[in-house]
Amino acid sequence: MTMTTELSDTNGEEGDFSGYQVLRVLVIRRDTVEILRSYQDRPGVDFWTELSDRAGPVDVMVSPDVGRQLKEELTRSRSSYVVNIEDVQVREVAVETEVVNAEHPTAPHADIGLTARSAFSLTWRKYHRLADHHQYLDFVADSYSRLCQTFSIGRSSEGRDIKGIKCGKGKREIWIDGGIHGREWISPAVVSYLIREFSERAHLHEHILGNFTIYSVPVLNPDGYEFTYTGGKKNRFWRKTRSKNRNSKCIGVDANRNFDIYWGKVGVSRDPCSDIYAGPRPFSEPETRAVRRFILSHAGKLEMFLTFHSYSQLLLLPFGYSEERPPDYSQLLRVAKLGRQRIFSASGTWFKIGQPSQRLYPVSGISQDWAKARAGVQYSYSLELRDRGKYGLLLPASQIEPSGKEMVEGVTAMIEEIL
Ligand SMILES: [Zn+2]
């Protein structure tokens, strides 16, 4: 399809994040939550991690004016905060400079033994548009046709293909998705890295690929992902889908609040303008309906469900909506711990394990819970990738490869454990 460029910001001043900061506010007391909440729907405010009633850090990006005001209020109430990112624009430019350098890598695919007939643009040295991700899936299907085939689970509300690739010969099945939230660029990059591992390096994983077929969808929310590129500078941090909301000018739904599991109960908003809007009803979005259709038609065969987000370095177990645990929680925990250990051995990166309600904030309507409780996928996890907030949503592209490598270790360890 033809992509329309929607440059909403023509004014250069508005078009960048000069002077914007990301503050990490330490929430210990109720009054800190109240202060943050009063800023929630203000212009010039974007929560990078979500606000909850629980104690813990909350990252929020603020414009220079709002930042001054918020810092004053926090200081007055004796709440503590640190400046995580001094200037979002400077950091973003640094990430983009890396992108430019990556256009001319010295040896683009030197380490992967490129022998196939078609080429591809993905480099894992910069972040790529949707078309490059889809082209890579075609490349893999072309080059490893006996092992891997592309599939589509449906179309987004703007008509983009929600495309994936399956690799493996086993009857048992695994689901991997990325990019349900547009702005979390590291997620599709890491999922495509995993796809590369299970195709180009399949010889290293014969036991896994002989027993399992792995279904991977690198960009589950293609409209939201593309909008972070085409929507003008101010929309680099777009999270939701791009569906139209009745009776509101605001666009989109948080796809990962839209699943029919405790829908609309906690950690969501009913305001269509909110970043965590749960939608008018469960499965209002074509993207989430596509996941439902696929997963239910594979129920009984799917044994693992992995959904990749960023950031915070967390390996999250069900359930998200409360501290209720599934009866087989200890088994899920054992597998998660093995994955975490292998990640740590590979790179020294430490992932915390827990339920969203303990580690992040209670949330309802998330895909991981739905896959576990409604579709019966036993090993269902959400992973929040690098980092812990130094760069946050602006993780430099130089961290794609190390993130991909450590996830190959973690994911293969987890699959081997259930083999
Ligand atoms: Zn996310």
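**View 1. Aspartate 387 lies in the loop between E12 and H12.** The peptide bond that leads from arginine 386 into aspartate 387 is cis, with omega near -5°. This is a predicted model, in which local features need pLDDT of at least 70 and side-chain atom pairs count only at pLDDT 80 or more, while totals for chains, interfaces and linings use all residues. Residues are numbered from 1 along each chain as its sequence is written, and side-chain values use heavy atoms, with hydrogens and water left out. Helices (H or I, at least four residues) and strands (E, at least two) are DSSP runs, numbered from the N terminus.

**View 2. A cis peptide bond joins proline 318 to phenylalanine 319.** Omega is about 5° here. Phenylalanine 319 sits in the loop between E10 and helix H9 (329-347).

**View 3. Tryptophan 124 has a positive phi although it is not glycine.** The value is near 60°. Tryptophan 124 belongs to the loop between helix H3 (88-102) and helix H4 (130-143). Most residues other than glycine have a negative phi, and most peptide bonds are trans.

**View 4. An open sheet of eight strands runs in the order E5-E6-E8-E7-E9-E12-E10-E11.** Its pairing is mixed; two strands pair if DSSP finds at least two bridges between them. Strand E5 (148-155) and strand E11 (352-354) are the edges, each pairing on one side only. From one strand to the next the twist averages 20°; axes are lines fitted to C-alpha atoms, for helices over the stretch in contact, and angles run from 0 to 180 degrees between N-to-C directions. Strand E7 (residues 172-178) and strand E9 (residues 302-310) run parallel and are joined by six bridges. Isoleucine 176 has leucine 306 of E9 as its bridge partner. Helix H8 (residues 286-297) packs on this sheet, with E5 and E9 among the strands it touches, where contact means heavy atoms within 4.5 Å. The direction of H8 makes about 130° with that of E5. Helix H12 (residues 400-418) also packs on the sheet, and its direction makes about 160° with that of E9.

**View 5. A four-stranded open sheet has the order E2-E3-E1-E4 and antiparallel pairing.** E2 and E4 stand at the edges with a single partner strand each, so one side of each has no neighbour in the sheet. The twist averages 30° from one strand to the next. Three bridges join E2 to strand E3 (residues 56-62), and phenylalanine 47 has valine 60 of E3 as its bridge partner. Helix H1 (residues 30-38) packs on the sheet, touching strand E1 (21-27), E2 and E3. Helix H2 (residues 64-76) packs on the sheet too, touching E1, E2, E3 and E4.

**View 6. Aspartate 46 and arginine 183 form a salt bridge.** Their closest N and O atoms are 3.2 Å apart; the rule asks for a side-chain nitrogen of Lys or Arg within 4 Å of a carboxyl oxygen of Asp or Glu.
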